[in-house]
Amino acid sequence: MHHPIDVASVDHALMTTRSVRKALDLARPVDPEVLLECIDVALQAPTGGQREGWRFVVLTDEVPKRAIGRLYLRAFDGYVADQPDAPGAQRPNYRLLAEQIAAMPALILACLEGRPERGSNAARQVAHYGSILPAAWSLMVALRARGLGSTWTTLHLVHEQEAAAALGIPPDVSQTVLLPVAHMRGAVLRPAHRRPAREVTFWNRWGTTR
Ligand SMILES: Cc1cc2nc3c(=O)[nH]c(=O)nc-3n(C[C@H](O)[C@H](O)[C@H](O)COP(=O)(O)O)c2cc1C
């Protein structure tokens, strides 16, 4: 049977899942059961070849959070040094997140079994990361729907091997995004200003808009 869906709620959740770096209650713990519920939602995402190679490493203890937090901050400082004019290097919220990341109640690292083969073609590369990133995005939306803010981050991957060593992640596992998670506190989530579909959508041939 086809169940009707509340289109407005779905669109609202998808359009207001923002990066939340600041308006977060770091003192309020996050219920592990709620995180598992959100991960179960995320596991309904597509998975290449039905492999379900996704693995989520949830950090709630001080020691692993501090280890990853140190790597993230070091990577952030390197990014600021390399690209001082990038928007992410200049906005205070990005630095705030880098400095506070270890104090987040939970850090969720989305991982995938296997590594993209060196020099592999586009099909393989897209299939590889495409088997975890849709789930990670679903996770962010599911968290947001429950009042939990997060941010899509990749900076710690500059030090991926050190992170693997700190968390016991085997060498044949790919790390992807790291989502710092906390209850939102007064965050106002609105649709972002983005170029409209009409400008970025081509019909039948590259460059043809309608
Ligand atoms: C591939 C990718 C990598 C990102 N890496 C980081 C990161 O390491 N740290 C961070 O604070 N934000 C990171 N972001 C978040 C973007 O800065 C953010 O999505 C963008 O500013 C738009 O804001 P919004 O997420 O609220 O729509 C990343 C986003 C993407 C898509």
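These legends go with close-up views of a predicted model. Local features are described where pLDDT is at least 70, and side-chain atom pairs where pLDDT is 80 or more, while totals for chains, interfaces and linings use all residues. Residues are numbered from 1 along each chain as its sequence is written, and side-chain values use heavy atoms, with hydrogens and water left out.

View 1. Let's start with the ligand. Its surroundings are Arg18, Ser19, Arg21, Tyr72, Tyr94, Leu97, Thr151, Trp152, Thr153, Thr154, Leu155 and Arg194; a residue is near a molecule if one of its heavy atoms lies within 4 Å of it. By class, this shell holds five nonpolar, four polar and three charged residues. Here Ala, Val, Leu, Ile, Met, Phe, Trp, Tyr, Cys and Pro count as nonpolar, Asp, Glu, Lys and Arg as charged, and the others, Gly among them, as polar.

View 2. In tyrosine 72, an N or O atom of the side chain is 2.7 Å from a nitrogen atom of the ligand. For tyrosine 94, the distance from a side-chain N or O atom to an oxygen atom of the ligand is 2.8 Å. Arginine 21 places a polar side-chain atom 3.0 Å from an oxygen atom of the ligand. On its own the ligand has 610 Å² of accessible area, and the protein covers 63% of it. Accessible areas come from the Shrake-Rupley method with a 1.4 Å probe, and for residues only the protein chains shown count as cover.

View 3. Helix 8 spans residues 160-167, and its buried residues are Glu160, Ala163 and Ala164. Seen down the helix axis, these buried residues fall within an arc of 100 degrees, so they line one face of helix 8; the arc is that of the directions from the helix axis to the C-beta atoms. An α-helix has 3.6 residues a turn, so residues three or four places apart point the same way. Gln161 and Ala165 are exposed on the other side of helix 8. Buried means under 20% relative accessible area, exposed over 50%, and partly exposed in between (1.4 Å probe, protein chains only). Helices (H or I, at least four residues) and strands (E, at least two) are DSSP runs, numbered from the N terminus. The cover over the buried residues of helix 8 includes helix 3 (62-82) and strand 5 (173-184). Just after helix 8 comes glycine 168, with a positive phi of about 70 degrees.

**View 4. Threonine 16 in its loop.** Threonine 16 sits in the loop between helix 1 (7-15) and strand 1 (24-25). Is this residue buried or exposed? Threonine 16 is buried, with a relative accessible area of 1%. Its side chain joins that of arginine 144 through a polar contact of 2.9 Å. A polar contact is a pair of N or O atoms within 3.5 Å; within protein, one must be able to donate a hydrogen and the other to accept it, and residues adjacent in sequence count only if both atoms are side-chain atoms. Leaving aside neighbours within four places in sequence, threonine 16 is in contact (heavy atoms within 4.5 Å) with Arg144, Leu189, Arg190 and Pro191.

View 5. Most residues other than glycine have a negative phi. Glutamine 50 has a positive phi of about 60 degrees although it is not a glycine. Its loop runs between helix 2 (32-42) and strand 2 (54-59), and glutamine 50 is exposed, at 65% relative accessible area. Glutamate 52, in the loop between helix 2 and strand 2, has a positive phi near 50 degrees. Glutamate 52 is partly exposed, with a relative accessible area of 44%.

**View 6. Leucine 73 on helix 3.** Leucine 73 belongs to helix 3 and counts as partly exposed, at 28% relative accessibility. Beyond its neighbours within four places in sequence, leucine 73 is in contact with Arg95, Ala98 and Glu99. From leucine 73 to methionine 104 is 31 residues in sequence and 14 Å in space, C-alpha to C-alpha.
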